[in-house]
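Have a look at it, then read on.

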Amino acid sequence: MSKQALVEVRGLKKTFKRKDGTVVEAVKGIDLDIYRGEVFSLLGPNGAGKSTTISMMSGLLTPTEGDACIGGFSITNQPLEAKKLLGVVPQEIALYPTLTARQNLEFFGRLYGLHGRELAASVDETLEFIDLRDRQKDRVDTFSGGMKRRVNIGVGLLHKPQLVYMDEPTVGVDPQSRRRILDTVIRLQQDRKMTVLYTTHLMEESQELSNRVGIIDHGQIIALGTVGELIQKVGEEDRLVFNVGEQPISEALLARFQTEVPGVTKATYETVELKPVAGMEESAELVVEKRSTGQMVVVRSGQVKDGTIVVYAKRGRKALPDLLRIANEMGVDVLSVEVREPDLEAVFLHLTGRALRD
Amino acid sequence: MDKIWSVAVNDLRVSFRDRSIWLSLVIIPLVIIFFIGLANGGFGGGGGGARLLVDTFDQDRSDLSAELLANLKVVNPDIMLCPADNNADDVCRLNGESLTEALATGRLTDGMVSATLVIPPDFGAKALAGEPVNVIYRSQNATGQTGPVLQALQAVLQRTGGAAVAARVGVEVFENSGLVGATFRDEAERTTFRQEIYDTARQTWNDLPPAVTFSESAEKEGRKPSGFSQSVPGIGTMYVMSTVLIGCLVLLTERKQWTFQRMLTMPVAPGQVVAGKMLARFVMGMIQYAVAFGFGLILGVYFGDSPLALLLIMVVFTLCCTAFALLLATFVKTEMQAGSLLNLVVLILAPLGGAWWPLEIVPQWMQTLGHLSPVAWAMEGFRNVIFHGGGVASVIPNVLVLLALTAVVFLIAVRRFKYE
């Protein structure tokens, strides 16, 4: 892949003024290059500033400061030229529900400057690409969520743009449709040689699709690079998560983990308040959300706290028998163990101290 | 322009996909036009404008002046001379006031009467003497426009003048004939002789059909304004306003479903998107007018003799509503808010501007207040054409006012409109 930048973002900033007069800095100055032919994902939790950034980069919002250039055209000063190179797939299903799939594509195609045979051919090709040719004459409001998403994507591809922005395109779709959308992104890059900017809060999507990832939090890019480069930031350590319930844990146990087991660099203990999951309060056993990991666990009825020991180790699976032995010697009953290899989730946790889902 | 048109056509397509549009665009307006038309006099004339009110000042009070006024009514039976013909129903709408020239000027300006006629003190004497006489005639018809009152006046003056000329010529011929005894003993004898010739000439005129008459033949019954001549433009205008102002709701819905934002990410100038949306509303407004006036034509309603003038008012009023739709779009934040505001605006401005009943029948202060509504300017234009026989020139002032209002509202709307 060549390193020629198709998108250059410099000092992009957006502030909003609230009704009470206070100013909110939604995007705090982003610098970014997106190279031709790559899938670049902008990964961050909800409210991190992903959609605001993509809105400024597509000309929908005027930046308070800074600019984005697409193929050398400034989105603020030469918007029409820049937008010709760009297809946008918004997070919302931005379609006319009472029109058919074909009518939607035809209308938006005209706005992209397509006419006559060129428009008809492009609509046919797009319907084929999103696999909805047989449903082209059906109204969009009769479609499933996944089908609507596909039409929504199709609109952004009508004019065969060099660059496609996709803003959380898998929000609210079933796993099968989600897989189809992810495959679409892969095909856009591999078959059509398109450049894709993909925003998501799902680490798995970002990790699967992206050549490079920008992690965004509180309106700033806090890390940028390939998935491998980002994982190196956390030292390629595995995380071993021991669930110990309400048992008291001594500092001595944590100290033995760090000193006696080869490869362990750090051991921490934390407790969380357990929250019953809605609708499960009356069960004999409470089902709770364990906030530190995001996973759902079953604990004893009446238990209000949950304790977790997190151990960082270079070769986690190899260290596990020794760790369990020491815990047993110290009288700690380990309820469950999870070994997590380094991923973008860990990178985010490492950089912000919070999980992506928080 | 191509993209503006694409946006407009798509907007119309989306609008007509909703079947309820037929209810609001066709069925309900036509039902209301029909019943309001019936209430205003139906097919049998009325509409508050079939009568031609003429404020008259007979300063001569001679037989000749009385005869001129009487003949006016013979030539056109719709002419009501005020205050002479006023009755218990206050057909002259004087509200107990004495008619003065100042009041008459105001009534004429406000469109309450069709014309003002002042017969000078020496009218009879001068007419009989064959001297030029100035009968003062004022109307709202533009220069060059001959309204029905002026036409009747011209016909009557032609008769009166003709008889007077015959009398003067007769006296001169007799005196200059050289016949024995062809002299008058005194001035009284001369006056009596002249009067006899005048009476004979006048009788001869009366035996001939008048040059201009407004008597109706059976086949021309439909040419007279009826109650529907008020309800069609009135209710039509109200529904045009409603149909076009809904444009603010359309913009809101498009923002909500994100199609508006999607268009802004495409190679289209934001102004083109909004212009396309507004063009669609303008077309919808014109369709609404076509539905209303088409229904009127089916009912055989008389709409005057200047379709061009009517079209001019329709175009300008619809344009004005389009500007208001854009302005409202800058205020409303929710669909509920938009719906309430639309009802409020339409239900205040329409009756205030004379869409439900002619403004002529409401008190003077209400008429003045009514002209704050653009509906009043449109309705006044329609009535000039339909009830007073006006042409394009008669609606120019109304068109200019509506255009000025459109420009001001549009400028404010554009300044306030936020694409983000």
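Asp131(A) counts as partly exposed because it has 13 C-beta neighbours inside 10 Å. On that scale, a residue is buried if 20 or more other C-beta atoms lie within 10 Å of its own, exposed if 12 or fewer, and partly exposed in between, with the C-beta atoms placed from the backbone. Asp131(A) also has a positive phi of about 60°, although it is not a glycine. You'll find Asp131(A) in the loop between helix 4 (116-129) and helix 5 (145-157) of chain A. Helices here are DSSP runs of H or I with at least four residues, strands are runs of E with at least two, and both are numbered from the N terminus.

Before going further, a word on what you're looking at. This is a predicted model, in which local features need pLDDT of at least 70 and side-chain atom pairs count only at pLDDT 80 or more, while totals for chains, interfaces and linings use all residues. Residues are numbered from 1 along each chain as its sequence is written, and chains are lettered from A and ligands numbered from 1 in the order in which they are written.

How does the model score? It gets ipTM 0.76 and pTM 0.69. Chain B averages a pLDDT of 82, and 89% of its residues score at least 70; pLDDT is the predictor's confidence in each residue, from 0 to 100. One stretch to treat separately is residues 210-222 of chain B, where pLDDT stays under 50. For that stretch, the model has 21 contacts beyond four places in sequence. Two residues are in contact if their C-beta atoms, placed from the backbone, lie within 7 Å.

Here are the two chains side by side.

| Chain | Secondary structure | Buried residues | Contacts at least 6 apart in sequence that join residues at least 24 apart |
|---|---|---|---|
| Chain A | 11 helices and 17 strands | 40% of 358 residues | 69% |
| Chain B | 16 helices and four strands | 42% of 420 residues | 80% |

Where do the chains touch? In all, 21 residues of chain A are in contact with 20 residues of chain B. On the chain A side, the elements that give two or more residues are helix 2 (79-84) and helix 3 (101-111). That side of chain A divides into 12 nonpolar, five polar and four charged residues. For this count, Ala, Val, Leu, Ile, Met, Phe, Trp, Tyr, Cys and Pro are nonpolar, Asp, Glu, Lys and Arg are charged, and the others, Gly among them, are polar.

The axes of helix 2 (residues 21-39) and helix 8 (residues 228-245) of chain B come within 8 Å and cross at roughly 150°. Axes are lines fitted to C-alpha atoms, for helices over the stretch in contact, and angles run from 0 to 180 degrees between N-to-C directions. Helix 2 and helix 8 of chain B are therefore roughly antiparallel to each other. Angles under 35 degrees count as roughly parallel, over 145 as roughly antiparallel, 65 to 115 as roughly perpendicular and the rest as oblique. Among the residues making this contact are Leu25(B), Ile32(B) and Ile36(B) of helix 2 and Phe228(B), Ile235(B) and Tyr239(B) of helix 8. The contact has nine nonpolar, five polar and no charged residues.

Helix 8 of chain B also meets helix 15 (residues 374-386) of chain B, with axes that come within 10 Å and cross at roughly 150°. Helix 8 and helix 15 of chain B are therefore roughly antiparallel too. Ser229(B), Pro233(B), Gly234(B), Thr237(B) and Met241(B) of helix 8 meet Val375(B), Ala378(B), Met379(B), Phe382(B) and Ile386(B) of helix 15. By class, that contact has seven nonpolar, three polar and no charged residues.

Arg61(B) has a positive phi near 55° without being a glycine, and lies in the loop between strand 1 (52-58) and helix 3 (63-75) of chain B. Arg61(B) counts as exposed because it has 11 C-beta neighbours inside 10 Å. The peptide bond from Cys82(B) to Pro83(B) is cis, with omega near 10°.
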